Amino acid sequence: MKLEIVVVPVSDVDRAKRFYADLGWRLDADFASDDGNFRVIQFTPPGSGCSVIFGKNVTAAAPGSARGLYLIVADIEAARKELVGRGVEVSEVFHDGAGVYLGQDEPYLFGRVRLSGPHPERTSYRSFASFSDPDGNGWLLQELTQRLAGRLDTNTTTFASAADLAAALRRAGAAHGAHEKRTGGKHDENWPDWYAEYLVAEQAGKDLPL
C-alpha cells in the first residue's frame, strides 16, 4: 500500500491554487462538475510520490485544520531560500531544544523550544522550517539526508532535484576523501562504485561505507 493523496481543506479554491502553484508544485488536475457543485485540484510536490488535493465539496473538514504536514528536503537552508524567493512566508530554520517538540504556534509542529539555526550536527530529522498556506494549513520542512534503517523497501535511490543530487554527491565526496586518507592517500580508481554504494546506503539508512 502506498499513500497517494492528502486532502487539504481550503476556503478559497482559486487562492489556494495560486499559492500551491507559486510553491513550484506540479499541477496534475483541475476538474469541475458541469453543475458547479464539485471541483477538485491536485498538486504534487517535486519528487513526491504523494499528492495533495483540495477544492469545492471535497471534504467537510474546516479550512486550515490540516496541520503537521511534513515535506522532506535534503538541504533545509536551500529549501527555505527557494520558498522565500517564491514569496512564501517561512519561519527561520530551527531545531528542537532538549527533545521538546510541541509548538505554541502550531500545536503539532516542532517549536515550543525552538533553537535558532539547523541542528549543530546536521543530523537527519532534526532541522526544520515551517510555513502555512493562506487558510492556515501548516507545513513543516524537515531535513533528511540519511533515513533510519528499514525505511526504504528497495535499494532504489531517487532525488527530487538536481540540487538535492548535487548535495548528496558533495557529502559522498567528503566521505570518500576521508576513505582515501584511511587507505593511505592513494587515488581510488573505483570511486564511482564507492559513491554509488554511499548514496544508496545513505537513503536506505544503512551503514555508510568507510
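This report describes the sheets, helices, cores and ring pairs of one predicted model.

## Basis of the description

The model is predicted, and local features are given where pLDDT is at least 70, side-chain atom pairs count only at pLDDT 80 or more, and totals for chains, interfaces and linings use all residues. Residues are numbered from 1 along each chain as its sequence is written, and side-chain values use heavy atoms, with hydrogens and water left out.

Helices (H or I, at least four residues) and strands (E, at least two) are DSSP runs, numbered from the N terminus.

## The four-stranded sheet

An open sheet is built from 4 strands in the order β1-β4-β3-β2, with mixed pairing. Two strands are taken to pair if DSSP finds at least two bridges between them. Strands of a sheet pair through backbone hydrogen bonds, either parallel or antiparallel. At the edges of this sheet are β1 (5-7) and β2, each of which pairs on one side only. On average, neighbouring strands are turned by 25° against each other, direction ignored. Axes are lines fitted to C-alpha atoms, for helices over the stretch in contact, and angles run from 0 to 180 degrees between N-to-C directions.

Strands β1 and β4 are parallel and share 3 bridges. V7 has I53 of β4 as its bridge partner. Helix α1 packs on this sheet and touches β2, β3 and β4 (contact means heavy atoms within 4.5 Å); the direction of α1 makes about 10° with that of β3.

## The five-stranded sheet

Another open sheet has 5 strands, ordered β5-β9-β8-β6-β7, and its pairing is mixed. The edge strands here are β5 and β7, each pairing on one side only. Neighbouring strands of this sheet are turned by 40° against each other on average, direction ignored.

Strand β6 (residues 94-96) runs antiparallel to β7, and 3 bridges join them. D96 stands opposite R114 in β7. Helix α2 lies across β5, β8 and β9, at about 145° to β9.

## Nonpolar cores

A nonpolar core is a set of buried Ala, Val, Leu, Ile, Met, Phe, Trp, Tyr and Cys residues joined through side-chain atoms within 4.5 Å. Buried means under 20% relative accessible area, exposed over 50%, and partly exposed in between, with a 1.4 Å probe and protein chains only.

The largest core has 26 residues, and those with the most contacts inside it are Y20, L23, W25, F54, F131, W139 and L141. At least two residues each come from α1 (13-22), β3 (39-44), β4 (51-56), β5 (69-73), α2 (76-85), β8 (127-132) and β9 (138-143). Helix α1 gives the largest share, 4 residues. Another core lies apart from this one and has 6 residues, including A168, A172, Y195 and Y198.

## Aromatic pairs

There are 11 aromatic pairs in the structure. Rings of Phe, Tyr and Trp (its six-membered ring) pair if their centres lie within 6.5 Å; planes under 30 degrees apart count as stacked, over 60 as edge-to-face and the rest as tilted. The rings of Y20 and W139 have centres 6.2 Å apart and planes at 70°, so this pair is edge-to-face. Y20 is in helix α1 and W139 in strand β9, 119 residues apart.

W139 also forms an edge-to-face pair with W25, at 5.3 Å centre to centre and 85° between the planes. W25 lies in the loop between α1 and β2 (26-32), so its pair with W139 ties together parts that are 114 residues apart in sequence. W25 is buried at 8% relative accessible area, and W139 is buried at 3%. Ring pairs link F19, Y20, W25, F43, F54, F131 and W139 into a cluster.

## Helix α3

Helix α3 covers residues 162-182 and includes A163. At 1.5 Å a residue, the 21 residues of α3 should span 30 Å, and the end C-alpha atoms are 30 Å apart, which agrees. The expected span is 1.5 Å times one less than the number of residues. The buried residues of α3 are D164, A167, A168, A172, H176, H179 and E180.

A163 is exposed, with a relative accessible area of 51%. The C-alpha atoms of A163 and D75 are separated by 8.8 Å, and the two residues are 88 apart along the chain. Just after α3, G184 has a positive phi of about 95°.

## Positive phi in the loops

N57 is not a glycine, yet its phi is positive, near 55°. N57 is in the loop between β4 and β5 and is exposed at 57% relative accessible area. Y125, also not a glycine, has a positive phi of about 75°. Y125 is in the loop between β7 (114-116) and β8 and is buried at 18%.
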